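This report walks through one protein model. It starts with terms, then goes from the overall fold to single residues.

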Amino acid sequence: MVGENPEAQNRLDLVTLFVAKHEPQRGMAPELAAILRMCEQPLSMAEISAHMRLPTSVLTLVLLDMVRTNHLEARAPIPAASLPDIDLLKAVMHGLQRL
């Protein structure tokens with residue numbers, strides 16, 4: 001997890017996924033509560049930035065703080081190598097359409 005490894009913090013990027021570790025707490029800043037609600041399912045930094053209308057430079061600091069305070073969990077995105085081959089998926093789709 002990013003919050004446990006200081007070197008990993010330098011690897012946060014737009015595709016890093018964030019997941020809420022708990023629901024918003026009473027008295028929490030509205031922006032932080034909104035991020036927690038958004039991150040009930042994994043959401044990338046780019047998506048959070050778009051929803052919050054915040055530049056990623058500012059959002060990075062907010063998200064890192066939320067990871068450090070155990071509000072969010074940061075996850076590495078799925079590596080492209082582990083995703084299915086797009087050409088194979090297209091071939092299967094075309095084969096199914098011919099049935």
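## Terms and model

Buried means under 20% relative accessible area, exposed means over 50%, and partly exposed lies in between (1.4 Å probe, protein chains only). Helices (H or I, at least four residues) and strands (E, at least two) are DSSP runs, numbered from the N terminus.

This is a predicted model: local features need pLDDT of at least 70, side-chain atom pairs count only at pLDDT 80 or more, and totals for chains, interfaces and linings use all residues. Residues are numbered from 1 along each chain as its sequence is written, and side-chain values use heavy atoms, with hydrogens and water left out.

## Overall fold

The protein has four helices and three strands. From the N terminus on, their order is β-α-β-α-α-β-α. Of the 99 residues, 28% are buried.

Contact here means heavy atoms within 4.5 Å. Take the contacts between residues at least 6 apart in sequence: 62% of them join residues at least 24 apart. Accessible areas come from the Shrake-Rupley method with a 1.4 Å probe; for residues, only the protein chains shown count as cover.

## The nonpolar core

A nonpolar core is a set of buried Ala, Val, Leu, Ile, Met, Phe, Trp, Tyr and Cys residues joined through side-chain atoms within 4.5 Å. The largest one holds 20 residues, and Phe18, Ile35, Cys39, Ile48, Leu63 and Leu72 touch the most other members. At least two residues each come from strand 1 (17-20), helix 1 (30-38), helix 2 (45-52), helix 3 (56-68) and strand 3 (72-75). Helix 3 gives the largest share, five residues.

Which residues does Cys39 touch, not counting those up to four places away in sequence? They are Phe18, Val19, Ala20, Ile48 and Leu72.

Met45, Ile48, Ser49 and Met52 are the buried residues of helix 2. Seen down the helix axis, they fall within an arc of 100 degrees, so they line one face of helix 2. The arc is that of the directions from the helix axis to the C-beta atoms. An α-helix has 3.6 residues a turn, so residues three or four places apart point the same way.

The buried residues of helix 2 pack against strand 1, helix 1, strand 2 (43-44) and helix 3. Ala50 and His51 are exposed on the other side of helix 2.

Met38 lies in helix 1. At 22% relative accessibility, Met38 is partly exposed. Beyond its neighbours within four places in sequence, Met38 is in contact with Leu43, His51 and Met52. Met38 and Val19 are 19 residues apart in sequence, and their C-alpha atoms are 8.6 Å apart.

## Loops and backbone angles

Most residues other than glycine have a negative phi. Arg53 follows helix 2 and has a positive phi, near 55 degrees. Arg53 sits in the loop between helix 2 and helix 3. Its relative accessibility is 77%, so Arg53 counts as exposed.

Asn70 also is not a glycine, and its phi is positive, about 70 degrees. Asn70 lies in the loop between helix 3 and strand 3. With a relative accessible area of 41%, Asn70 is partly exposed. His71 is found in the loop between helix 3 and strand 3. Is His71 buried or exposed? His71 has a relative accessible area of 14%, so it is buried. Leaving out residues up to four places away in sequence, His71 touches Val19, Ala20, Lys21, His22, Gln25, Met28, Leu36 and Met66.

## Surface: a salt bridge and a patch

A salt bridge is a side-chain nitrogen of Lys or Arg within 4 Å of a carboxyl oxygen of Asp or Glu. The structure holds one. It joins Arg75 and Glu73, whose closest N and O atoms are 3.5 Å apart. Arg75 is partly exposed at 34% relative accessibility. Glu73 is partly exposed too, at 24%.

Patches are made of residues with over 30% relative accessible area and no salt bridge: like charges are joined within 9 Å, nonpolar side chains (Val, Leu, Ile, Met, Phe, Trp, Tyr) within 5 Å. Leu88, Val92, Leu96 and Leu99 form a nonpolar patch on the surface, with about 460 Å² of accessible area together. Leu88 belongs to helix 4 (residues 86-98). Leu88 is exposed, at 52% relative accessibility.
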